[in-house]
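Subject: Structure handover

Hi,

Here is the structure I promised to pass on.

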Amino acid sequence: MPISQEEFVAAFPKLYHMAHKDSWPSIRKHGLLSTTALLDLFGIEGGPRKDIESKHRAEYIKIESPKYGVAMIRDQKPMSDSGLARCLEDGLTPTKWYHILNGRVFMWTSMERLETLMSARSYKKDKHLVLVFDSKRLMEKHWKSVTFCAMNSGCTTPFAHPRGKTTFMPPEKYPYAENRRRKGRRDAIVEVAVVGGMSDIENCLVDRQVISYGQIKSLK
């Protein structure tokens with residue numbers, strides 16, 4: 001059975017997003033946008049766009065515009081072309097998977113998942129911007145753009161779990177009841193991925209902090 005908006009909010013009252021520590025001015029001004037939406041906004045085209053949108057990003061990338069200022073596009077360190085080549089299904093290629101991910105903004109459904117990401121060797125010593133959202137207020141605005149995922153879609157280490165065209169599903173098609181029976185409530189939905197992104201997010205925020213891994217427990 002699918003999951004209703006009310007059922008989702010009851011199961012996952014808060015959502016968590018991690019971004020570059022200097023990202024808040026851009027997010028506050030333009031919203032929490034997907035990579036593709038940011039590239040559209042900043043007018044990035046041609047080779048530079050292809051390098052950002054269609055290939056693996058080993059580091060954060062800064063984009064600039066006289067009109068829109070500066071934005072940071074996050075790295076994809078937990079993922080690799082070779083890992084994706086092993087796990088992709090339905091005829092998808094690594095390039096296509098990067099396009100799928102770049103069209104969405106991602107949030108974790110639990111602080112434990114955020115903690116796991118921040119504890120990774122590549123991120124553990126750094127400070128990050130962490131946004132905590134009130135799920136009810138966010139879903140009231142963006143339910144029609146939401147897709148759910150039962151795995152870490154941007155990670156291929158240490159295991160490259162299979163993924164394909166049905167990895168992201170809208171609420172009305174998502175097998176929530178089945179996943180909950182098999183995996184438990186917390187892992188029935190792992191990621192919330194909003195197509196395109198979200199504008200006007202400040203009234204949905206519960207907390208906003210620039211923190212390192214050891215400061216996670218300070219989040220509200």
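Aspartate 90 sits in the loop between helix 5 (81-87) and helix 6 (94-102); helices here are DSSP runs of H or I with at least four residues, strands are runs of E with at least two, and both are numbered from the N terminus. Before going further: this is a predicted model, where local features need pLDDT of at least 70 and side-chain atom pairs count only at pLDDT 80 or more, while totals for chains, interfaces and linings use all residues. Residues are numbered from 1 along each chain as its sequence is written, and side-chain values use heavy atoms, leaving out hydrogens and water.

Back to aspartate 90: its phi is near 60°, a positive value in a residue other than glycine. Aspartate 90 counts as partly exposed because its relative accessibility is 44% (buried means under 20% relative accessible area, exposed over 50%, partly exposed in between, with a 1.4 Å probe and protein chains only).

Aspartate 200 also has a positive phi, of about 50°, and is not a glycine. You'll find aspartate 200 in the loop between strand 9 (197-198) and strand 10 (205-211). With a relative accessible area of 51%, aspartate 200 is exposed.

There is a cis peptide bond too, from threonine 157 to proline 158, with omega near -5°. Proline 158 belongs to the loop between strand 7 and helix 9 (176-183). For context, most residues other than glycine have a negative phi, and most peptide bonds are trans.

**The cores**

What makes up the largest nonpolar core? It has 31 residues, and those with the most contacts inside it are Phe8, Phe133, Met139, Phe148 and Val192. A nonpolar core here is a set of buried Ala, Val, Leu, Ile, Met, Phe, Trp, Tyr and Cys residues joined through side-chain atoms within 4.5 Å. The elements that each supply at least two residues of this core include helix 1 (5-11), strand 1 (14-20), strand 6 (128-134) and helix 8 (135-142). Apart from it lies another core, of 14 residues, with Tyr16, Met18, Tyr123 and Ile211 among them.

Strand 1 is mostly covered, with six of its seven residues buried. Strand 1 pairs with strand 6 in the antiparallel sense over seven bridges (pairing takes at least two DSSP bridges between two strands). Tyrosine 16 has valine 132 in strand 6 as its bridge partner.

**Around helix 6**

In helix 6, Trp97, Tyr98, Ile100, Leu101 and Asn102 are buried. The buried residues of this helix pack against helix 3, helix 4 (46-53), helix 5 and strand 5.

Leaving aside neighbours up to four places away in sequence, threonine 36 touches Arg49, Glu53, Asn102 and Gly103. Threonine 36 is in helix 3 (residues 35-42) and counts as buried because its relative accessibility is 18%. With neighbours within four places again left out, glutamine 76 is in contact with Lys55, His56, Arg57, Tyr98 and Asn102. Glutamine 76 lies in the loop between strand 4 (69-73) and helix 5, and is buried at a relative accessible area of 7%.

Last one: alanine 85, in helix 5, is exposed, with a relative accessible area of 58%. Alanine 85 and arginine 163 are 78 residues apart in sequence and 11 Å apart in space, C-alpha to C-alpha.

Cheers

How values were computed
Contact means heavy atoms within 4.5 Å.
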